[in-house]
Amino acid sequence: MYLPLALPAAWLAAHAQSHALIARSLAEHSLSARFVQAAYGLCYYPAKFILPVPLSPLYALPLPLPLTRIEFVLPAVAAPLICLAILLTARRGVALLAAWG
């Protein structure tokens, strides 16, 4: 139902990023760095919702991404475990599944 709207929006976003020269190649930002960044976001933003201090309008991403720092390793381990726990309990906690995903 939303696919006709989502596809042009995805194409437009990718096109805009390539013209603004802000999209990183796999050589600049590896798959492991992308995974760690996604896991970091899955843990960071819910934590900021619960405890919103200190807040900033912009959070700089260190490049290259330091994959061995604890603030990136911990979410990389926690996010898949949280996802697995939510999926395993999805029948009992549909609201939690909706809130996480």
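## Basis of the description

The model is predicted, and local features need pLDDT of at least 70, side-chain atom pairs count only at pLDDT 80 or more, and totals for chains, interfaces and linings use all residues. Residues are numbered from 1 along each chain as its sequence is written, and side-chain values use heavy atoms, with hydrogens and water left out.

## Overall form

The protein has four helices and zero strands, where helices (H or I, at least four residues) and strands (E, at least two) are DSSP runs numbered from the N terminus. Along the sequence, this gives the pattern α-α-α-α.

The radius of gyration, taken over C-alpha atoms, is 16 Å, whereas a compact globule of 101 residues would have a value near 13 Å; the globule rule is 2.2 Å times the number of residues to the power 0.38. Taken along the principal axes, the C-alpha atoms fill a box of roughly 45 × 40 × 25 Å. Of the 101 residues, 16% count as buried, a term that means under 20% relative accessible area, while exposed means over 50% and partly exposed lies in between (1.4 Å probe, protein chains only).

## Aromatic residues

A pair of aromatic rings is described by the distance of the centres and the angle of the planes. Rings of Phe, Tyr and Trp (its six-membered ring) pair if their centres lie within 6.5 Å, and planes under 30 degrees apart count as stacked, over 60 as edge-to-face and the rest as tilted. The structure holds four aromatic pairs. One of them is stacked, because the rings of Y40 and Y44 have their centres 5.2 Å apart and their planes at 20°.

Y40 and Y44 are separated by about one helical turn, because they stand four residues apart in helix α2 (residues 31–50). Y40 counts as partly exposed at 25% relative accessibility, whereas Y44, at 16%, counts as buried. Y44 also pairs with Y45 in an edge-to-face arrangement, with 5.1 Å from centre to centre and 90° between the planes. One aromatic cluster is formed by Y40, Y44, Y45, Y59 and F72.

## The nonpolar core

A nonpolar core is a set of buried Ala, Val, Leu, Ile, Met, Phe, Trp, Tyr and Cys residues joined through side-chain atoms within 4.5 Å. The largest one has five residues, namely A33, V36, L65, F72 and A76, and helices α2 and α3 (70–88) each supply at least two residues of this core. If residues up to four places away in sequence are not counted, A76 touches F35, V36 and A39.

## A buried loop residue

H29 lies in the loop between α1 (3–19) and α2, and H29 counts as buried because its relative accessibility is 5%. Leaving aside neighbours within four places in sequence, H29 is in contact with R24, R34, Q37, L61, L63 and L65.

## The cysteines

A disulfide is a pair of cysteine sulfur atoms within 2.5 Å, and a search of the whole structure finds zero disulfides. C43 is in no disulfide, and the nearest cysteine sulfur, that of C83, is 8.3 Å away. C83 itself counts as partly exposed, at 25% relative accessibility.

Terms used. Contact = heavy atoms within 4.5 Å.
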